[in-house]
Amino acid sequence: MATPKHMMWEQQQQLQMQRVKNSGIISYNGSPIKDDKEEELSRSALAIFHAKEEEIEKKKMEVKDKVHSQLGRVEEATKRLAEIREELEALTDPMRKEVSVIRKRIDTVNKELKPLGQSCQKKEREYKEALEAFNEKNREKAQLLTKLMELVGESERMRMKKLEELSKNVDTVK
């Protein structure tokens, strides 16, 4: 179930995505629709994005700390279980077989944790690289849109100038 904070974050993300989509809209006369308010909204969205990135990094570090703490506790628990097992073997307890099975399972899970942690770190790096590539392509797209609008505007001016010259030539021929 989504928390109110999570829902608010999603709404902010959707609003930010809508602003990004609207930033490339072109009006009928060929100029981009941009005013101070939209620029302010863009700066605000960027500030929100940076704040969220910092929050994510902070939470990620907290989770990493918790994982490392858990790993330490698991190792301690494994040692304690090994000691308990030895004591149980010395007592020839009837539960010795079950304890041995559980201890082996704990060892197995402990061994599985390490590659999972490494996989998590690798995927975090891949995510950062993909995000950077995505942002770079968005910047490139914005630059290309600006250049396209400039070229279209220049083309229209040149065609209008040529049409005016042709119109004058037609008038002088009459």
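What follows is a chat about a predicted model of a protein.

Colleague: What about contacts between residues at least 6 apart in sequence, what share joins residues at least 24 apart?

Modeller: That share is 66%.

Colleague: Give me a residue to look at. Thr78, buried or exposed?

Modeller: Thr78 is buried, because its relative accessible area is 16% and the cut-off for buried is under 20%.

Colleague: Where does Thr78 sit?

Modeller: In helix H2, which covers residues 36–91.

Colleague: And which residues does Thr78 touch, neighbours within four places aside?

Modeller: Thr78 is in contact with Ile106, Asp107 and Asn110.

Colleague: Switching to the surface. Which residues form a nonpolar patch?

Modeller: Val109, Leu113 and Leu116 do, and together they have about 240 Å² of accessible area. Val109 belongs to helix H3, residues 96–173.

Colleague: How does Val109 class by relative accessible area?

Modeller: Val109 has a relative accessible area of 34%, so it is partly exposed.

Colleague: On to charges. How many salt bridges do you count?

Modeller: The count is 10 salt bridges.

Colleague: Why would such side chains pair at all?

Modeller: Side chains of opposite charge can pair when their charged atoms come close.

Colleague: Which residue does Glu55 meet in a salt bridge?

Modeller: Glu55 meets Lys59, at 3.4 Å from N to O. Both are in helix H2, and because they are four residues apart there, about one helical turn separates them. Glu55 is partly exposed at 26% relative accessibility, and Lys59 is partly exposed at 43%.

Colleague: What network are Glu55 and Lys59 part of?

Modeller: A network of salt bridges that links Lys52, Glu55 and Lys59.

Colleague: And Lys64, which residue is its salt-bridge partner?

Modeller: Glu124, with the closest N and O atoms 3.9 Å apart. This pair links distant parts of the chain, since Lys64 is in helix H2 and Glu124 is in helix H3, 60 residues apart. Lys64 is partly exposed, with a relative accessible area of 26%.

Colleague: What about Glu154, which residue does it bridge to?

Modeller: Glu154 forms a salt bridge with Arg157, and their closest N and O atoms are 2.9 Å apart. The two are three residues apart in helix H3, so about one helical turn lies between them.

Colleague: How do Glu154 and Arg157 class by relative accessible area?

Modeller: Glu154 is partly exposed at 37%, whereas Arg157 is exposed at 52%. The cut-off for exposed is over 50%, which is why Arg157 falls in that class.

Terms used. Residues numbered from 1 in each chain as written. Predicted model: local features only at pLDDT ≥ 70, side-chain atom pairs only at ≥ 80, totals over all residues. Heavy atoms only, no water. Contact = heavy atoms within 4.5 Å. Patch = residues over 30% accessible without salt bridge, like charges linked within 9 Å, V, L, I, M, F, W, Y side chains within 5 Å. Areas by Shrake-Rupley, 256 points an atom, 1.4 Å probe, with all protein chains shown as cover. Salt bridge = Lys/Arg side-chain N within 4 Å of Asp/Glu carboxyl O. Buried < 20%, exposed > 50% of the residue type's maximum accessible area, 1.4 Å probe, protein only.
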